[in-house]
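Reader: Hey, I've got a structure open and could use a hand reading it. Can we go through it bit by bit?

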Amino acid sequence: MRDHLSRPVVAVTGMGLVTPLGFGVAESWAGLLAGRSGIQRITRFPTEHLKTRIAGQVTLPGEEALASPERVERMAAMAAAEAVEQAGIGGPFPGPLFLGMPPVEVEWPQRLALARAGAGYPAMVEAAAGQRGLFETFLFGGIGERLAGRFGTRGVPVSVTTACATGASAIQLGLEAIQRGEAAAALCIGAEGSVAPEPLVRFSLLSALSTRNDEPERASRPFEKTREGFVLSEGAAALVLESLESAQARGAEVLGLVLGAGERADNFHRTRSNPDGGAIIGAMRTAIADAGLQAGDISYVNAHGTGTPENDKMETLGMRAVFGEAPPPISSNKSMIGHTLSAAGAIEAVASLLTIRDGMLPPTINHEVPDPAVALDVVPNVARAAKVERVLSNSFGFGGQNVCLVLGAAP
Amino acid sequence: MSEAIWITGIGLASSLGEGVEVHRAALRDPTARPVVDAASFAPFPIHPMPGLAFDAQIPKKGDQRQMEPWQRLGTYAAGLALDHAEARGLVGEMHLLVAAGGGERDVALDEAICAELAALPPEQAGPLLNERLANGLRPTLFLAQLSNLLAGNISIVHGVTGSSRTFMGEEAAGAEAVRIAAARLAEGRGEVALVGGAYVAGRWDMLLLHAASGGLWRGDWALLGERPGGGMVTGSIGAFLVLETERHARGRGAPCLARLMAVRSGAARRQGEDSARASAAALAEGLALRPGHAVVSGASGMPEPLAEERAFLAGLPEPGPMHFTADLLGHGVEASFPASLALGALALAEGLAGQALVTGFGIWRGEALALLEAA
């Protein structure tokens, strides 16, 4: 049960999802196969003066009072609970936690509450002094610590961010820990809860977001000619990784394998890939090689596919460079879910495993006007049956951090 | 497969200044003290940024403009480490592991919005907040705030592109970055890694977060061991290390500054028997500590973890000289553990000890130990 580099083979024995399409793997996956959009007009907060007034929202009970880190923690915990239950692991989790999550900071409701004693920072700092709950909520390590406590994971909870590749990085860290023999199992989570006014403004200022506010469900259009930005979204995914040996020894159902991972940083620009595509091509090739495979062994690609003009153009370039004249089908879950940023890589890894399990390629919806520059089979609009053995899942981040995973069928 | 790991480059910038010489000198001099700015953020003393000629490490003004001080400091220190290791030619395949918090907010904008909106009912404040943010936020500020963009800037400015991972979670993130970098090199996934972090102390947004813990030291600066009731003084620190397999370093004739023998981390819940002291004691099991080893402590000044750390250290065999990193640099949160490792390596290179135990007890969570041996 070793791979081509004599490393332990790594299995997936549990999966959990929270997406704008639903709570749980079954509901989210059914939505993806049905080609259903989870994008809506934002209802959680006022949207006057915002250029973008749509998003993929996950509505949580009592959410009016929740800060982003609390939302992230709740969605992560829901996904993790589903994954751990499916894996059949009772009691403390027998390995470390790798959490892909967004950066957090004190937010406007807290800031405005502190400012009632005086609007300058010195006065706000005095008003904050000794508010232990504020401290623990907005510490970067807080979410991981509370999740580690809840699931009983071992060692330091590791929180990671590589922008839009974060979820894939969390899985890669777990994969490596098991391959190194540091752990027999790892709980890998990607979670995002950034649908709030300031993140929307920030991404709008980068001209990254779709402004198709009147047709939310048609706004996310990866690889399509009229695409004009991504749709901010939120959610979480969790995967229980385990050495195949340990999974089989305890009789767990193996849902699939994580065959390899590859990464490559770009040094070209803060929000754009090098025009030669070197880093994304490198990440894709490295992942395939890490899995001991050739490009021709990949049956299907789960795209990064954000729906920005730039990403989809570069991803097309990468696909042609890696796969040549006859690339495998590629589709974007983000056409339905939107871009869940820190969660995306993990959500899409789960979708990739379900694609293999069911032999069904989820579609890229909103494919109305083909882009002649995108010479790819994007599985337009309707899911398709296909035999899928190995999936390459792409994640390319702002800041030039690119991570690709190769997922395979259970043996 | 387990390759020996060397530290072959140190990049340090703190209130003391930049580069290894000024920090070596401070280690040699028992009366050395950090630079203190008591006025700008009163009543909280901080250790300010040194004056740095950013052009030397970040030659493009356009790159400098895309960053705020936190990213500039880190990118600068990363460049110092590359130069110190003479590793500029290795950046294409070099792994990059960064421990990061968040970047600077626009404090003036925050204050203006707070002044206007704090007293308004939420239904009025919400739409106005959108309007003020949409008109007030600078487009470049977001990229200067994103945690992973310190690594992104290091890739852009210095060309480090083998891989890029950013860890979050205060002190523990710094230790995990080093631990995972060393583990990947030891198992043969690459030959050289750049690892570290940066923290800028002179920031009201960060002081607000840390004031909420009740742990910020107020008033006149004092040595960490001489603060009644304890307390933390944050320090501006950029700290990066070049880690390299021994085989690779020997192959290119790079000198060893210190051998990184072990990096271990734990996270006690710090309740009852699950204490930081017990966590650290478990991490120390089997470490080949010799009498007279130096201790470089990353203690923050927070009283509870400091008491736990002292209790842990008291159980070690005949320690030698003890240094609190915070007494020279202040507490640098994510940068604290890399900075303590850097000081430990410099102490060994100075001949102050043959071995150094580096500790990192987080202000809230996380215990980490590293063992360094002289070259």
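Predicted model: local features only at pLDDT ≥ 70, side-chain atom pairs only at ≥ 80, totals over all residues.

Reader: Where does Gly190(B) sit?

Author: Gly190(B) is in the loop that runs between α8 (170-186) and β5 (192-199) of chain B. Helices (H or I, at least four residues) and strands (E, at least two) are DSSP runs, numbered from the N terminus.

Reader: Ok. Why does Gly190(B) count as partly exposed?

Author: Because its relative accessibility is 26%. Buried means under 20% relative accessible area, exposed means over 50%, and partly exposed is in between (1.4 Å probe, protein chains only).

Reader: And what is Gly190(B) in contact with, leaving aside its neighbours within four places in sequence?

Author: His95(B), Leu185(B) and Thr245(B). Contact means heavy atoms within 4.5 Å.

Reader: Next one: which strand has Glu244(B) in it?

Author: Glu244(B) belongs to strand β6 (residues 237-245) of chain B.

Reader: Is Glu244(B) buried or exposed?

Author: Glu244(B) counts as buried, because its relative accessibility is 0%. Its side chain is joined to that of Arg252(B) by a polar contact of 2.6 Å. A polar contact is a pair of N or O atoms within 3.5 Å; within protein, one must be able to donate a hydrogen and the other to accept it, and residues adjacent in sequence count only if both atoms are side-chain atoms.

Reader: How many residues of β6(B) are buried?

Author: Nine of its nine residues. Both faces of β6(B) are covered, with Leu241(B) among the buried residues on one side and Phe240(B) among those on the other.

Reader: Which strands pair with β6(B)?

Author: Strand β1 (residues 5-14) of chain B runs antiparallel to β6(B), with nine bridges joining them. Gly11(B) is opposite Phe240(B) there. β5(B) also pairs with β6(B) in the antiparallel sense, over eight bridges, and Val195(B) stands opposite Leu241(B). Two strands pair if DSSP finds at least two bridges between them.

Reader: Switching topic: how many residues does each chain put into the contact?

Author: Chain B gives 79 residues and chain A gives 76 residues. About 6700 Å² is buried between the two chains, and carbon and sulfur atoms give 64% of that area. Buried area is the accessible area (1.4 Å probe) that two parts lose on being put together, summed over both.

Reader: Which three residues of chain B supply more of its buried area than any other three?

Author: Met168(B), Leu208(B) and Trp364(B), which supply 12% of the area that chain B buries against chain A.

Reader: How many salt bridges are there across the interface?

Author: The rule finds 15 between chain B and chain A. One salt bridge brings together the side chains of Asp110(B) and Arg111(A), at 3.9 Å, N to O. A salt bridge is a side-chain nitrogen of Lys or Arg within 4 Å of a carboxyl oxygen of Asp or Glu.

Notes. Residues numbered from 1 in each chain as written. Chains lettered and ligands numbered in written order. Heavy atoms only, no water.
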